[in-house]
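Me: Please take a close look at one part of this model. I want the ligand shell and the helix packing beside it, in one connected account.

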Amino acid sequence: MKYKLKCITCEKIYEPKEDFYFCPECGERFGTLEVIYDYDNLNIKKEDFSKEKGMFQFEKLLPVSSHTRFDEYIGATPLIEFNDLLGINKVLIKYDGTNFSASYKDRASIIAINKAIEEKKDTIFCASTGNAATSLAMLSASTNLKTYIFVPNTIPIGKRLQLEVSGATILAIEGNYDQAFDLSMEIGLKKGWYLRNSAINPYLLEGKKTGAFEVIVQNNYEDIDYLFVSVGDGTVVSALYKGFYEFKKLKLISKIPKIIGVQSEGLDAVKRTFEQGAPYAPVDIEGTTIADSIAVGMPRDVIKACKYVEASNGKFITVSDIKIKEAIFELGKSTGIFAEPAGAITYGGFKKMVELNEINKNDKVCLVITGNGLKDPDVLKNDIENGFIEIDEVRRRFK
Ligand SMILES: Cc1ncc(COP(=O)(O)O)c(C=O)c1O
Ligand SMILES: [Zn+2]
């Protein structure tokens, strides 16, 4: 095998094998696994990568080979440079709302689907706040896999419609994401289906780290000082760190940015855990937020997220629901990007740190916007002007 698995807590090394997802000695939360490669013998050069190719161009650093028609189309999302956003000279926006199912989660789902195909599974399942589910459902629709989706019945209409048209079996439970997660594990593992729950399945983080690889390649391997991203379970934030870590280990870059994980004020379990300090132990909470994608009270990848963010010298911050909404509109007006709440919160976190003078005008900043705003139109339904304007009134106005 080209990789091994290492427990994030006891650091024991395991050989990968089927249906093996976490360190049995440390359990599901403390025993999440890191995928480690033989970095010294990988022979990876800058010339191997292009700004235009999808995430499978990084196959040497992925735990699976490409088997589906979608592989070359996932990733390769835009990195757009803004030169005076909130007074900061260089702000890069990595916009993953252009992915196949319109969120960052495609990077993980495609890994799970390829793994399930390699392991000759006939069924795949996931629990999700919405985007992981829609991405799995849409990307598996044209494969031979049967797909089971466990979600709260409150998921936004855009995501629900994506699920409905995909033909996946939708188990929309009367409960929250944390309950959907536990239920999916109870049933899916018993049935022997392939598990696409990112925090537990270590391979999914590997797909998500390709967002960092792309940022590096698209930014010409130049230094970035701060990278902001939203945090629910903590896998995306961990994956972005690991992407920078691996390229630094391969001597392709010289610096890892400070990773700033942005959570909703109403559900900030990862931030709370981080602030209690190492050795980290999950602080689970209950709460609500309009940012449904990161409405997680029992974050499953919290240990990795805290360790990695600490290693980057970064931190976790929060943004209130009111500020998230403001961020959606401000981001739209200044960049043309329409982000769902869990995407725009990243901009809200950036703005908060600019206002606190924690970011310098010459700092190089990257904002990862993880989901498209069309997924959750209801969240803005009270913010649009209703009614209409008389035709003659329009003529009068422009006379
Ligand atoms: C749009 C969006 N942003 C951010 C996240 C957070 O990812 P994680 O749960 O890995 O922290 C999610 C997760 O569902 C998401 O859908
Ligand atoms: Zn362990």
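Reply: Two residues are in contact if their C-beta atoms, placed from the backbone, lie within 7 Å. Helices (H or I, at least four residues) and strands (E, at least two) are DSSP runs, numbered from the N terminus. This is a predicted model: local features need pLDDT of at least 70, side-chain atom pairs count only at pLDDT 80 or more, and totals for chains, interfaces and linings use all residues. Residues are numbered from 1 along each chain as its sequence is written, while chains are lettered from A and ligands numbered from 1 in the order in which they are written.

Start with the ligand. The shell around ligand 1 holds 22 residues; a residue counts as near if its C-beta atom, placed from the backbone, lies within 6 Å. G232, T235, S293, T370 and G371 come nearest. Twelve shell residues are polar, seven nonpolar and three charged. Here Ala, Val, Leu, Ile, Met, Phe, Trp, Tyr, Cys and Pro count as nonpolar, Asp, Glu, Lys and Arg as charged, and the others, Gly among them, as polar.

Domain 2 (55-102 + 204-382) and domain 3 (106-203) each give the shell at least three residues. Those bounds come from an automatic or database domain assignment. Helices α3 (131-140), α8 (235-249) and α12 (341-355) each supply at least two. α8 gives the most, with three.

Now follow α3. Its partner α4 (residues 157-166) packs against α3 at about 25°, with the axes 9 Å apart. Axes are lines fitted to C-alpha atoms, for helices over the stretch in contact, and angles run from 0 to 180 degrees between N-to-C directions. The pair is therefore roughly parallel. Angles under 35 degrees count as roughly parallel, over 145 as roughly antiparallel, 65 to 115 as roughly perpendicular and the rest as oblique. From α3, N131, A133, T134, A137 and M138 meet K159, Q162, L163 and S166 of α4. This contact has four nonpolar, four polar and one charged residue.

α3 also meets α2 (residues 106-118). Their axes come within 9 Å and cross at roughly 50°. So α2 and α3 are oblique to each other. On the α2 side are D106, A108, S109, I110, A112 and I113; on the α3 side, A132, S135, L136, L139 and S140. Seven of these residues are nonpolar, three polar and one charged.
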